[in-house]
Amino acid sequence: VLGPYSGLEYPFCVRVMDPDLRSYLDDALAPLRGGPGGQTYSFVDHGSASRRRYSIYLDGLRVVRTPAPSVALSYLLWHINRRAVRVSERYLLIHASSASRDGRAVVLPAPSGSGKTTLVAALVRRGLAYITDEATAIDPATGSLHPYPKPLALGPASPAGDLLTSVPPGVRAFLESERHVGPAALGGEAEDGAARPTVIVSPRYVAGAPTVIEAISRAQTVLLLAQNAFNLEGHGGEGLEVLGRIARGSNGYTLVSGSLEEACDAVVTLLG
Amino acid sequence: MSQERSQLPAARWTRAPSVSAVELDGETVLYDLRGRRLHLLNASATVIWAALDGSRTSDDLVEELSEAFGIEVETMHDHVTWVLATLREEGLIEAASSPGGRAGRGTR
């Protein structure tokens, strides 16, 4: 059994039979290691004779069964992330990737498909510490970011795939639909402490578009963060105040780009 | 501006208790916890929002703001009426309860 792990406030373990996949997940989940242990996921291979060969169980109850190993792995990690986001009460969660340098963080809030995971992967490759690719967790008491370094989920078409170090042959079948990687696979590492949000950038990938970055007002920055919050209703007016404090201490931008390299340059420059 | 919006009751207006607000550099973000909706007020709407403490009617606001900003009353009236009507339509403000009970009467 791998773990225990802690995704935000969600404790879990993972049981995997396949030795190659176990080794791979051990690396990908390494930044989440720690905590008291909790629910146990099991990744089960029913064998080649079974039409729907792969199942994921949670504490003995099957949550999905599929013929595709990559779908099973994606579902497992999606389920863990969903639970982590749902059970978190302490943190104000923003749908955003983020990375840091010397304790100063760039937050990249955006809807799915905007390229925030690809961009944060490139930033990690540039030496920034990885915080998360999905749910940026703000501690309301301090306004700082709590790391949630889940495996990055890179789509098959993501140009960040080129940044990866080699994928072991034994797990390629598990990574056909998405490549789930820890920051180490990008040659980087995870942030292990609190980081202060300093730059807020809403990224949008548009094929062939020139790189254009525009400053937005502090109120627009609050709106951007609030619109991408997972659980603002749970934090209410205090949550809005927290976002206001963050906006007062940071600079906000929108970024449209068709070039990962240029987008990465722009963000690194803004972070200083 | 719709006809309905131009007929704003002559209430003393106040911010709805379900609405949280944060003001930054002259703009305001509103979060309506009841409807879970977000709104961004520009600079002029922020000035009006800040004055909605339940002590002023729309006519009071027009008079104060036209004087403060040197804008003619008719122009300010149209703007204040439109902003208040929009805020009211979104459920962000409400008539302040007062013994005089002025809410519901026409403004002009």
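Visitor: Which element gives the most to the lining of the second largest pocket?
Guide: That is β13(A), with three residues. Bear in mind that this is a predicted model.

Visitor: Which other elements supply at least two residues there?
Guide: Besides β13, the elements of chain A that each supply at least two residues of that lining are α3, β15 and α6 (260-271).

Visitor: How many residues line the second largest pocket, and which lie nearest its centre?
Guide: The lining has 17 residues. Nearest the centre are Ser114(A), Gly115(A), Thr118(A), Tyr205(A) and Leu260(A).

Visitor: What about the volume of the second largest pocket, and its lining by class?
Guide: The volume is about 280 Å³. The lining has eight nonpolar, eight polar and one charged residues.

Visitor: And what is the volume of the largest pocket?
Guide: About 500 Å³. The largest pocket is lined by 26 residues, which divide into nine nonpolar, 12 polar and five charged.

Visitor: Which residues lie nearest the centre of the largest pocket?
Guide: Thr117(A), Asp133(A), Glu134(A), Ala153(A) and Glu178(A).

Visitor: Which element gives the most to the lining of the largest pocket?
Guide: α2(A), with five residues. α2 (69-87), α3 (116-125) and β11 (152-154) of chain A each supply at least two.

Visitor: Stay with α2(A). Which strands does α2(A) lie across?
Guide: Helix α2(A) lies across β1, β2, β3, β4 (54-58) and β5 of chain A, and runs at about 170 degrees to β3(A).

Visitor: What is the order of the strands in that open sheet of chain A?
Guide: The five strands are ordered β1-β2-β3-β4-β5, and the pairing is mixed. At the edges are β1 (2-7) and β5 (61-66) of chain A, each of which pairs on one side only. On average, neighbouring strands of this sheet are turned by 20 degrees against each other, direction ignored.

Visitor: How many bridges between β1(A) and β2(A)?
Guide: Four, in the antiparallel sense; β2 of chain A covers residues 10-16. Ser6(A) stands opposite Pro11(A) in β2(A).

Visitor: And helix α1 of chain A, which strands does that lie across?
Guide: Helix α1 (residues 19-28) lies across β1, β2 and β3 (39-45) of chain A, at about 35 degrees to β1(A).

Visitor: Switching to rings. How many aromatic pairs over all chains?
Guide: There are seven. One of them is Tyr75(A) with Trp78(A): the ring centres are 5.3 Å apart and the planes are at 50 degrees, so the pair counts as tilted.

Visitor: Where do Tyr75(A) and Trp78(A) lie?
Guide: Both are in helix α2 of chain A, three residues apart, which is about one turn of the helix.

Visitor: Back to β13(A). How many bridges join β13(A) to β15 of chain A?
Guide: Seven, and the two strands run parallel; β15 of chain A covers residues 251-257. Within β15(A), Tyr253(A) is the bridge partner of Val201(A).

Visitor: Does β14 of chain A run parallel or antiparallel to β15(A)?
Guide: Antiparallel: five bridges join β14 (residues 212-216) of chain A to β15(A). Val212(A) stands opposite Val256(A) in β15(A).

Visitor: How many cavities of 30 Å³ or more does the structure hold?
Guide: One. The volume of the largest cavity is about 30 Å³.

Visitor: Which residues line the largest cavity?
Guide: Ile94(A), Val107(A), Thr136(A), Ile138(A), Leu145(A), Pro197(A), Ile200(A), Leu225(A) and Ile246(A). The elements giving two or more residues to this lining are β9 (135-138) and β13 (196-205) of chain A. By class, the lining has eight nonpolar, one polar and no charged residues.

Visitor: Last topic, chain B. What is the order of the three strands in its open sheet?
Guide: The order is β5-β1-β6 (chain B), with antiparallel pairing. The edge strands are β5 (53-57) and β6 (93-95) of chain B. Neighbouring strands are turned by 35 degrees against each other on average, direction ignored.

Visitor: What joins β1 to β6(B), and which helix lies across β1 and β5 of chain B?
Guide: Three bridges join β1 (residues 12-15) of chain B to β6(B), and Thr14(B) stands opposite Glu94(B). The helix is α3 (residues 58-69) of chain B, running at about 80 degrees to β5(B).

Key
Residues are numbered from 1 along each chain as its sequence is written. Chains are lettered from A and ligands numbered from 1 in the order in which they are written. This is a predicted model: local features need pLDDT of at least 70, side-chain atom pairs count only at pLDDT 80 or more; totals for chains, interfaces and linings use all residues. Side-chain values use heavy atoms; hydrogens and water are left out. On a 1 Å grid over the protein atoms alone, a cavity is a set of points where a 1.4 Å probe fits but cannot get out, and a pocket is an open set with protein on both sides within 12 Å along at least five of seven lines; lining residues have an atom within 4 Å of a point. Grid points are joined across faces, edges and corners, and a volume is the space filled by probe spheres set on the points. Ala, Val, Leu, Ile, Met, Phe, Trp, Tyr, Cys and Pro count as nonpolar, Asp, Glu, Lys and Arg as charged, and the others, Gly among them, as polar. Two strands pair if DSSP finds at least two bridges between them. Axes are lines fitted to C-alpha atoms, for helices over the stretch in contact, and angles run from 0 to 180 degrees between N-to-C directions. Contact means heavy atoms within 4.5 Å. Rings of Phe, Tyr and Trp (its six-membered ring) pair if their centres lie within 6.5 Å; planes under 30 degrees apart count as stacked, over 60 as edge-to-face and the rest as tilted.
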